[in-house]
Amino acid sequence: MAQSKTELMAVLAVMRKYNLKGTEELLKKEAGIADIPENVAGEAEVNSVLAAYKSEGDPDIYENSYMELRKFVEESLDIYKHELALILYPVLVHMYIELVYNSHEVQAKKLITKFGPEQEYYYQDELAKLAMVTKRDEMSGNDITDTFKSNAFTIRISRDTLSLLKRHLHEKKASVILNIVNEHMYFDLYEGVARNKAQCDATSGAMTGEAKRQDNKIKVYYGLLKEPDVQTLVQAPPEEDDDMDPDAPDKPKKKKPKKDPLFSKKSKSDPNAPPLDRIPLPKLKDVDKMEKIKALRESTKRVNLGPELLPSICMYTLLNANHTVTCADFCEDSSLLSVGFTDSSIKVWSMTPMKLREMKTAEQLKEIDRDAEDVLIRMLDDRKAETCRTLLGHSGPIYRTSFAPDRTMLLSCSEDCTIRLWSLHTWTCVVVYKGHQYPVWDVRFSPHGHYFVSCSHDRTARLWATDSYQPLRVFAGHLSDVDVCIFHPNSNYVATGSSDRTVRLWDVCVGNHHRLLTGHKAPIYSLAFSMCGRYLASGSADNRVLIWDLAHGHLIAALTGHTAAIHSICFSRDGTILSTGGLDCALKLWDFTKLVDDISGENVNVSHNPDVRDGEPYLLRTFPTKQSPFLTLHFTRRNLLLGVGMYELGV
């Protein structure tokens with residue numbers, strides 16, 4: 001009797017500790033206790049009671065409780081059924097973890113074998129990994145158990161649906177499920193009608209449920225930075241005043257040069273753009289200014305694409321490269337192509353008649369006039385020019401390469417956990433960046449240069465600057481490998497895609513994520529921002545491309561049709577066409593302008609995601625290759641679409 005009274009006092013002490021006043025009063029009333037004296041139940045008694053609670057439960061209760069919950073969900077009204085069904089998976093996982101923790105291996109195995117196959121297809125991989133954990137010792141260090149123990153499973157649910165669930169659990173006295181719901185689940189409540197099945201399916205699929213609405217409330221500056229006016233890029237030579245020249249009074253006056261229409265255009269400021277001084281960006285050098293003018297001239301010759309005028313496509317197929325090529329990348333002006341190999345080598349090809357030249361030796365450089373206008377050209381040796389260069393230095397397969405905007409440098413990342421910066425003048429490695437502890441899957445330069453971002457198997461993405469050995473930011477929050485990363489066109493944000501089936505948008509200024517996007521049912525392998533910066537396209541191993549509106553964090557369209565993982569996405573230079581290439585050896589073109597026009601007329605429902613549009617009406621055409629899965633896609637400045645793939649016999 002004394003033992004039970006001590007335990008009762010310990011339970012009351014726990015309730016007081018966690019401020020559960022209502023429950024404490026009810027228990028005291030039922031037990032006939034007026035009040036509990038201070039310090040009657042010490043910390044040791046409280047801990048022993050909690051330990052006993054965890055280990056003394058009847059293991060057979062779990063199966064019956066789950067069956068009752070499943071029956072309740074199935075018999076609920078259709079209006080509530082689909083939201084209620086979202087709790088079945090996390091409840092099953094936590095039941096299994098509790099049974100294993102309390103050494104009830106037989107009941108745990110029976111539970112997951114019986115109810116595991118009923119769960120959604122995108123949870124089956126996690127359940128298979130979880131089923132391999134059969135002892136308490138195996139739980140520490142396991143990805144699935146660690147994730148579920150340290151993160152609440154988020155479910156967006158209407159207030160009416162949650163009230164219905166809690167009423168049922170209290171009526172049935174389902175303490176096992178009630179504990180799981182209270183301790184390990186987070187309900188993102190909203191007022192209004194419960195979501196239908198399509199709306200629930202649209203945003204479900206991530207390892208720890210859906211994104212909270214709070215995750216997507218911060219303002220995102222998705223607009224583009226104001227480009228410098230072209231007039232300021234070119235300093236016109238000062239006009240000579242011929243009338244004031246006494247030595248040439250009869251000299252005819254020079255005609256004023258005609259104004260170039262290209263230079264008369266002024267760049268407009270975007271109201272959604274971040275302030276220019278929000279992050280420090282490198283100053284434009286004279287070479288950069290000339291390159292911008294060249295790009296502007298090229299853009300005037302650009303083909304305006306649309307449903308009636310699809311792009312011409314040039315496909316580069318790599319032969320004798322089966323299982324040896326890992327990645328490919330074009331530089332911004334399409335003049336260079338880099339390819340990474342499994343043997344840790346990188347090859348760079350010139351895509352123009354101009355060969356790849358190497359810098360002269362130190363002795364030869366001493367003879368060059370440093371003040372000459374063409375000093376950079378004089379520094380390069382034409383005699384050593386080649387159409388292809390090989391870069392050696394990594395000690396593992398290359399997973400991604402990325403050209404600097406000015407084409408003077410190349411980044412590469414590898415299984416050897418390092419990132420290397422290569423000079424395209426000397427064709428040597430100039431810096432090795434070490435920070436990731438595991439293989440680095442992706443690396444990308446900022447559109448403005450200087451900064452670059454990398455992502456790794458260590459579940460982080462990192463922001464670097466070329467002049468610093470240490471990362472400037474570490475973006476931590478993903479629950480599995482970060483497989484792909486990309487800079488926003490304004491360089492203020494970085495998007496990452498992960499094997500935890502989420503996409504996150506990170507602010508490089510503060511290092512926090514400002515968007516958490518859920519909806520993919522498999523790892524995400526490709527990302528691309530629209531030309532305007534507002535929309536993000538993500539391609540996944542679930543064979544779909546999802547289109548997100550970054551202004552609100554909403555999923556707006558799901559483009560289906562591919563039959564294998566999508567590893568390359570690219571927008572045309574005028575933003576009208578979206579191209580996607582997959583491992584199914586197919587290239588698809590989508591009418592992005594029509595999609596945006598259809599969306600812009602809709603009212604945005606802030607309580608939950610708007611209805612997701614089907615991609616079929618926007619598919620313009622499919623181009624199959626023979627047996628070449630796509631490695632990369634790239635639109636030139638004139639809107640010619642370039643693709644790279646490797647010929648595979650087994651496809």
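1. Let me start with a cut-off: a residue is buried when its relative accessible area is under 20%, exposed when that value is over 50%, and partly exposed in between, using a 1.4 Å probe and protein chains only. By that rule, buried residues make up 49% of the 651 residues in the chain.

2. A word on what you are looking at. This is a predicted model, in which local features need pLDDT of at least 70 and side-chain atom pairs count only at pLDDT 80 or more, while totals for chains, interfaces and linings use all residues. Residues are numbered from 1 along each chain as its sequence is written, and side-chain values use heavy atoms, with hydrogens and water left out.

3. Now the overall make-up. The chain has 18 helices and 32 strands, taken as DSSP runs numbered from the N terminus (helices: H or I, at least four residues; strands: E, at least two). With contact meaning heavy atoms within 4.5 Å, residues 24 or more positions apart account for 60% of the contacts with a separation of 6 or more. The accessible surface is about 33,100 Å², and 53% of that belongs to carbon and sulfur atoms; the areas come from the Shrake-Rupley method with a 1.4 Å probe, and for residues only the protein chains shown count as cover.

4. On to the cores. A nonpolar core here is a set of buried Ala, Val, Leu, Ile, Met, Phe, Trp, Tyr and Cys residues joined through side-chain atoms within 4.5 Å. The largest one has 49 residues, and Met95, Leu165, Met185 and Phe187 touch the most other members. Helix H6 (residues 88-101) supplies the largest share of this core, ten residues. Leaving aside residues up to four places away in sequence, Phe187 touches Ile87, Ile155, Ile157, Leu162, Leu165 and Val181. There is also a second, separate core of 19 residues, with Val220, Tyr222, Leu527 and Leu555 among them.

5. Lys173 sits in the loop between helix H10 (159-172) and helix H11 (175-184), and is classed as exposed because its relative accessibility is 69%. Its C-alpha is separated by 9.8 Å from that of Ser65, 108 residues apart along the chain.

6. Two backbone angles are worth checking. Most residues other than glycine have a negative phi. Ser103, in the loop between H6 and H7, has a positive phi of about 65°; Ser103 is partly exposed, with a relative accessible area of 45%. Cys417 also has a positive phi, about 75°, and is found in the loop between strand E11 (409-414) and strand E12 (418-423).
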